[in-house]
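This briefing summarises the fold, the helices, selected loop residues and the ligand surroundings of one model. The sequence and structure are shown first.

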Amino acid sequence: MKKAAPVFDAQFEEQFLQLLRWRRDVRHFETRPVAEADMQAMLGCAALAPSVGHSQPWRFVRLRRPALRQRLVAHVERENVRAAARYAGDSRGQLYRSLKLHGLREAPELIAVYCDEQPEAGHGLGIATMPEMLRYSCVMAIHNLWLSARLRGIGLGWVSILDPQEVQALLDVPTHWSLIALLCIGYPSDQSETPELELRGWQAREPLTDRVLER
Ligand SMILES: Cc1cc2nc3c(=O)[nH]c(=O)nc-3n(C[C@H](O)[C@H](O)[C@H](O)COP(=O)(O)O)c2cc1C
């Protein structure tokens, strides 16, 4: 029998808005573990994301080995020093160096999200002219994961200060997979309705009206 589609009421809408407002990129984590049932539920939510041709190209690599974590931390720290050098002579240099831009050391769970650029599923539908749609599909999955984490009081931080080729070599994944994100997951040590980069004076939220055009 066909299931009746749910109707979302105003109370749900308000809660959903709160979820969106209180989703944060988290870099400060407690080290206490996340229950495996929560991890499975969050990955399940990620897999409900839309994907081009229903190709489901996301691949989640859960990082278990402490030695691997150490090598990733060292790599990201090196890349961050290089990134900071881009602000040399800039008034933002000092502020940049004071920012905490990853929680790779403390977060109990690390996941590298990859995109399979040649998935069997989907049979190529929708990617003839824009193959990057596969990667966009993975980003959709990450956002589902992000929201479902927040729903459980769990934080997620996206780390992109890295060289994907070096990480590829460290993780030993197929060459036709491309790195989309390195994610830190765990309980946040602090919560805020305001993005940390806004609190630290790096970048304010800009008016939406400046970002909507009409033609
Ligand atoms: C594609 C992507 C890559 C990001 N990479 C990093 C990163 O390497 N380090 C970091 O501290 N934050 C990273 N962030 C988080 C952003 O800084 C954050 O989303 C933004 O400051 C707004 O804050 P909020 O997510 O708490 O709303 C990334 C976010 C996205 C969407």
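**Sheet, helices and ligand shell**

F60 stands opposite V113 in β2. This pair belongs to a predicted model, in which local features need pLDDT of at least 70, side-chain atom pairs count only at pLDDT 80 or more, and totals for chains, interfaces and linings use all residues. Residues are numbered from 1 along each chain as its sequence is written. Helices (H or I, at least four residues) and strands (E, at least two) are DSSP runs, numbered from the N terminus.

**The sheet**

- Four strands form an open sheet in the order β1-β2-β4-β3, with antiparallel pairing; two strands pair if DSSP finds at least two bridges between them.
- Its edge strands are β1 (58–62) and β3 (155–159), each of which pairs on one side only.
- Neighbouring strands of the sheet are turned by 30 degrees against each other on average, direction ignored. Axes are lines fitted to C-alpha atoms, for helices over the stretch in contact, and angles run from 0 to 180 degrees between N-to-C directions.
- β1 and β2 (residues 109–116) run antiparallel and are joined by five bridges.
- Five bridges also join β3 to β4, again antiparallel, and L156 stands opposite I185 in β4.
- β3 is mostly covered, since four of its five residues are buried. A residue is buried if 20 or more other C-beta atoms lie within 10 Å of its own, exposed if 12 or fewer, and partly exposed in between, with C-beta atoms placed from the backbone.

**Helix α5**

- Helix α5 (residues 133–151) lies across β1, β2, β3 and β4 (177–186), running at about 5 degrees to β4.
- The 19 residues of α5 should span 27 Å at 1.5 Å a residue, and the end C-alpha atoms are 27 Å apart, which agrees. The expected span is 1.5 Å times one less than the number of residues.
- The buried residues of α5 include L134, C138, I142, L145, W146 and R150.
- These buried residues of α5 pack against α1 (10–22), α2 (36–46), β1, β2, β3 and β4; two residues are in contact if their C-beta atoms, placed from the backbone, lie within 7 Å.
- After α5 comes G153, with a positive phi near 80 degrees.

- For α1, the 13 residues should span 18 Å at 1.5 Å a residue, in agreement with end C-alpha atoms 18 Å apart.
- The number of buried residues among the 13 of α1 is zero, so α1 lies largely in the open.
- V81 is found in helix α3 (residues 66–85) and counts as exposed because it has 11 C-beta neighbours inside 10 Å.
- V81 and R97 are 16 residues apart in sequence and 8.4 Å apart in space, C-alpha to C-alpha.

- Most residues other than glycine have a negative phi.
- H54, in the loop between α2 and β1, has a positive phi near 60 degrees. H54 is partly exposed, with 13 other C-beta atoms within 10 Å.
- H123, in the loop between β2 and α5, has a positive phi of about 50 degrees. H123 is exposed, with 11 other C-beta atoms within 10 Å.

**Ligand surroundings**

- The residues around the ligand are R24, D25, R27, L101, H102, W158, V159, S160, I161, P195 and L197; a residue is near a molecule or strand if its C-beta atom, placed from the backbone, lies within 6 Å of it.
- This shell divides into six nonpolar, two polar and three charged residues. Ala, Val, Leu, Ile, Met, Phe, Trp, Tyr, Cys and Pro count as nonpolar, Asp, Glu, Lys and Arg as charged, and the others, Gly among them, as polar.
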